[in-house]
Amino acid sequence: MIKIKRIPLDDISQGKLQLFDTRSFFASDVFMNLWRSINGFPVYWVAEEDEKILAFSPGIEFGSSVWRRFQAMPDGCYSRIVFSETVNNRELLAKMIGDEIARFGYMKIFIYDFDHYFEEVSNYKYKPCETLLVDISGRDWFPPDKKIQSEIRKAQRENIVIQTFDPQLHFDQFMILMKQTEKRHRRSPKYPQKFFQALAELLLNDKRLVWYWCEYDEKPVSSHINIIEGEMVINWQVYFDKSFSFLKANQYLLYHLAKEMSAKGIKYLNLGASPPDASGLKIYKSKWGGKPYHYNCYFRFSLLLGKLF
């Protein structure tokens, strides 16, 4: 008989952790532990039969008691269900996991279903989401837009130097750059310093986190934080000083990422979702040859939330 269990990361055996880690970066213990820095609590929802794991799905809980919320995954990351290679009934298992999450009693649930596994779940609403995927698998890949090509060549003439982020050398300047970027967008920083400290520590232990750093005259210009997940690399967080826009560093960093990942066998560059009102950003992303990829975010709010508000 198949059973669905909620298992905190702390209760997973080391042997099982290794299984989770190798199948998905989002499901790895190092990435799950990152969210503890902002008071997240990592859990796995696991489908088992006769103590054998058939499937598991990671997620992060925030809050406690009746206020507990669940996200899979937070902040531009995606839900994943990792199946045993012998499993055939994937849609059924996904539905069972999704339905059990709904019954658990979370105040809020958000599941970003990039792989379309949760489409049969019950008792959820959903909203359509979209990202842009660029196929970078060809050896001779180059962004098709002439202006982007020109900007990349401009950056090369400026002798832009791309470095791997070094927390010992770059962290303090990164925090200044991050805060400047958020201030320019008229918003507060999304993450506190301790989150980025944990992220920098993760960088030292897992090559699936790719963090580029760029300076000009010893001043910070741009920082790109990227995640390798399966056959795609996600351009996750970008911070830059607009006064150095003449260098075209962001374009060059993105181009460098695509070429480096393609050489490692990564097939897609994921440019991420854009805000609904950011038409200019969508146009810019499309110039890289990206094509829209559609998926759903399944969400559920408890009845208690409705009574309170």
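Contact, as the word is used in these legends, means heavy atoms within 4.5 Å. This is a predicted model, in which local features need pLDDT of at least 70 and side-chain atom pairs count only at pLDDT 80 or more, while totals for chains, interfaces and linings use all residues. Residues are numbered from 1 along each chain as its sequence is written, and side-chain values use heavy atoms, with hydrogens and water left out.

View 1. Cys129 belongs to strand E7, residues 125-135; helices (H or I, at least four residues) and strands (E, at least two) are DSSP runs, numbered from the N terminus. Cys129 counts as buried because its relative accessibility is 12%; buried means under 20% relative accessible area, exposed over 50%, and partly exposed in between, with a 1.4 Å probe and protein chains only. Apart from neighbours within four places in sequence, Cys129 is in contact with Tyr293, His294, Tyr295 and Cys297. Trp45 is 84 residues from Cys129 along the chain, and the C-alpha atoms of the two are separated by 23 Å.

**View 2. Ser37 in the loop between H2 and E2.** The loop that holds Ser37 runs between helix H2 (29-34) and strand E2 (40-49). Ser37 counts as buried because its relative accessibility is 12%. A polar atom of the Ser37 side chain lies 2.7 Å from the backbone oxygen of Leu34. With neighbours within four places in sequence left aside, Ser37 is in contact with Lys194, Phe195 and Ala198.

**View 3. Contact of helices H5 and H6.** Two packed helices are described by the angle between their axes and the distance between the axes. The axes of H5 (residues 167-184) and H6 (residues 193-203) come within 11 Å and cross at roughly 145°; axes are lines fitted to C-alpha atoms, for helices over the stretch in contact, and angles run from 0 to 180 degrees between N-to-C directions. Pro167, Phe171, Phe174, Met175 and Met178 in H5 meet Gln193, Phe196, Gln197 and Ala200 in H6. By class, this contact has seven nonpolar, two polar and no charged residues.

**View 4. The largest nonpolar core.** This core has 47 residues, and those with the most contacts inside it are Phe31, Phe174, Phe196 and Trp236; a nonpolar core is a set of buried Ala, Val, Leu, Ile, Met, Phe, Trp, Tyr and Cys residues joined through side-chain atoms within 4.5 Å. H6 gives the most to this core, with six residues.

Notes
Ala, Val, Leu, Ile, Met, Phe, Trp, Tyr, Cys and Pro count as nonpolar, Asp, Glu, Lys and Arg as charged, and the others, Gly among them, as polar. A polar contact is a pair of N or O atoms within 3.5 Å; within protein, one must be able to donate a hydrogen and the other to accept it, and residues adjacent in sequence count only if both atoms are side-chain atoms.
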